[in-house]
Amino acid sequence: MSETDARALRFEFEELLYREAAWLDEGRFEEWLELFDSTVRYWAPVRENVPRGEEPLEELHRLTHFEDDKGNLELRVKRLRTGFAHAEEPPSRTRHFVTNVRVLDGDDSDRVSVASNLLVFRSRERRDEVLFSCDRRDRWRRTQAGWRCEERRILFDHDVIESLTVLF
Amino acid sequence: MQYKTLIDVERCTVHPRAFFDPDVYEAEQDRVFGHQWLCIGHESQLPEPGDFLTTTMGEESVLVVRDPKRRIRVFLNSCRHRGTRVCRVDSGRARNFMCPYHGWTYDTEGRLRGVPQLREAYHEELDRDAWSLVEVPRVESFRGLLFANFDAEAVSLDDHLGDMKWYLDLVLHRSRGGTVALPGVHRWRLGGNWKLAAEQFGGDNYHTGALHQSMIKIGLGPSGDYRGDRPWEVDFEAKLEGGHGWINFDVPIGELPPPVEKWMETVRREARETLAPEQQGLVHGIQVGTVFPNLSILAFLGFVTIRVWHPRGPRAIEVWSYGLIERDAPPEVREFARKMQTLTFSSSGIFEQDDGAVWGDVVDSLSGAQRRHYPLNYSMGHGHGRRKPGRPGLLHTLSTEIGVFGFYEYWRRCMAKPT
């Protein structure tokens, strides 16, 4: 890929990820859901304190903080819309900060791996202000309707984490 | 303070101080966590000699290791020289543990083996045998669950569990192979007092309709229809001696995928061999329970979670939740269980989030200078428990708080003891 094409592709994903962040912060969850392919795997390994290089993130049947397919993501959103999701009702205030966007491989013009750093600030009910820091590794597929996410791995920088009431 | 006055056994009330007072919390660390059987993990996490894990008993960091004779040993994870944690990773396999500070090194039986400059600096005068890691004196297990106790004089685990074993077996002994732990631990922080989590799993079915209403609305929670018109032997709660409590109800929730349904059929068939007839009919549906003080269990939607509510000060809980699965469960059943547990009862669980949202609130409210004078009501069902031959404990229909208050009656006994 030429340097110009690479820049254009990175710019395209920066725009996409910024738009996604805005949808989450504005509570436009249904629009957010549309970004995900029907086959998506949305997951987040639990972190473990082990010697450097030995963390078994990919181990079979290992517990994860998220292990959602499209149906599960839809359930999470549907729940938020019931008006009785007490952990998010009244809703928390969130701000998703996306940085360090990198297109990792873009040689296949229809499938792209994209890495980004994400910092999420959440506050609710006059107390409980927390930060979540993570690395996201996405695999996106080009469709007629635009890019669709086939896999998102959220690697949290926390071993003991705050309650995950928001989306990443 | 006379801690026992916090619980009024006649009026079934609990004083707010039980939930926020630092003095009560400090006393609890000794009188409850210093003398009760505390869950430290599952045997399947340590299959071979040298396998170890670290966890906490109360707030105390402990090292759990299988020694060369295959015995599970538990030690305070603290060097005898300056107190540094000798093991700073979560799990692994090791022959010895070297303190990072000055290099004192202990073997898997806790013995001090290596001391840098033993000759030059200690003049050969250090008696290494006298400086082993401090060992937690009692370690016992039930159906794979590992427990330890700081109190050498404590009753056996078997006696402590008592009638609760009959109920735990509905989950842990319903198949021939028993259970193993899935790899990994869900660990997350919540506001609130550890007792609020333990009491809820030990018998608060009452909260489901309100707090988890969002789940009922999206079809994943038990709807209100089951209340009132079903035989009390099917949907019931049990208050057990020792502060334990159990909820059992058979409400179909959605459909499990065919491989999971097929597997559950296998489990129920095996249960006809492993369980008594009275138990066999209770393997369906949902089971929830608390083993005093801070271990809870939940079997729901094809998964089993056990979790320890670690106290982290009067106003904070660190949840460590494990996934259990039948040893012989096929891979697709394991995957389904893992996914459902993560979706519903975990750090991101859409049931569990709402529990975490209120426990912190409870403690913050109760510590108000005015609110703290008004006790909490735990009287639901008091005096209406009944007995059923062949089924242990004092029983009541859903919903009741006899089990929840039983937790505090036992807590009161622990707290009243002089130390």
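1. The lining of the second largest cavity divides into 5 nonpolar, 2 polar and 2 charged residues, where Ala, Val, Leu, Ile, Met, Phe, Trp, Tyr, Cys and Pro count as nonpolar, Asp, Glu, Lys and Arg as charged, and the others, Gly among them, as polar. This is a predicted model, in which local features need pLDDT of at least 70 and side-chain atom pairs count only at pLDDT 80 or more, while totals for chains, interfaces and linings use all residues. Residues are numbered from 1 along each chain as its sequence is written, chains are lettered from A and ligands numbered from 1 in the order in which they are written, and side-chain values use heavy atoms, with hydrogens and water left out.

2. The residues around the second largest cavity are Arg76(A), Arg79(A), Leu80(A), Leu164(A), Thr165(A), Val166(A), Leu167(A), Ile350(B) and Gln353(B). A cavity is a set of points on a 1 Å grid over the protein atoms alone where a 1.4 Å probe fits but cannot get out, and lining residues have an atom within 4 Å of a point. Helix α3 (residues 70-80) of chain A gives the largest share of this lining, 3 residues; helices (H or I, at least four residues) and strands (E, at least two) are DSSP runs, numbered from the N terminus.

3. The volume of the second largest cavity is about 70 Å³, and that of the largest is about 220 Å³, a volume being the space filled by probe spheres set on the points, with grid points joined across faces, edges and corners. Of the 17 residues that line the largest cavity, the closest to its centre are His207(B), Thr208(B), Val288(B), Leu298(B) and Phe345(B). The lining of the largest cavity comprises 10 nonpolar, 5 polar and 2 charged residues.

4. Turning to a sheet, chain B has 4 strands in an open, antiparallel arrangement with the order β6-β5-β4-β7, where two strands pair if DSSP finds at least two bridges between them. Its edge strands, β6 (72-76) and β7 (91-93) of chain B, each pair on one side only.

5. Between the antiparallel strands β5(B) and β6(B) there are 5 bridges, and Val64(B) stands opposite Val74(B) in β6(B). These two strands form a hairpin with 5 residues between them, and Arg70(B) in the turn has a positive phi of about 70°.

6. Which way do the residues of β6(B) point? Ile72(B), Val74(B) and Leu76(B) point one way and Arg73(B) and Phe75(B) the other way, and all are buried, that is, under 20% relative accessible area (1.4 Å probe, protein chains only).

Technical notes
1 Å grid on protein atoms, 1.4 Å probe; cavity = no way out; pocket = protein on both sides within 12 Å on 5 of 7 lines; lining within 4 Å. Buried < 20%, exposed > 50% of the residue type's maximum accessible area, 1.4 Å probe, protein only.
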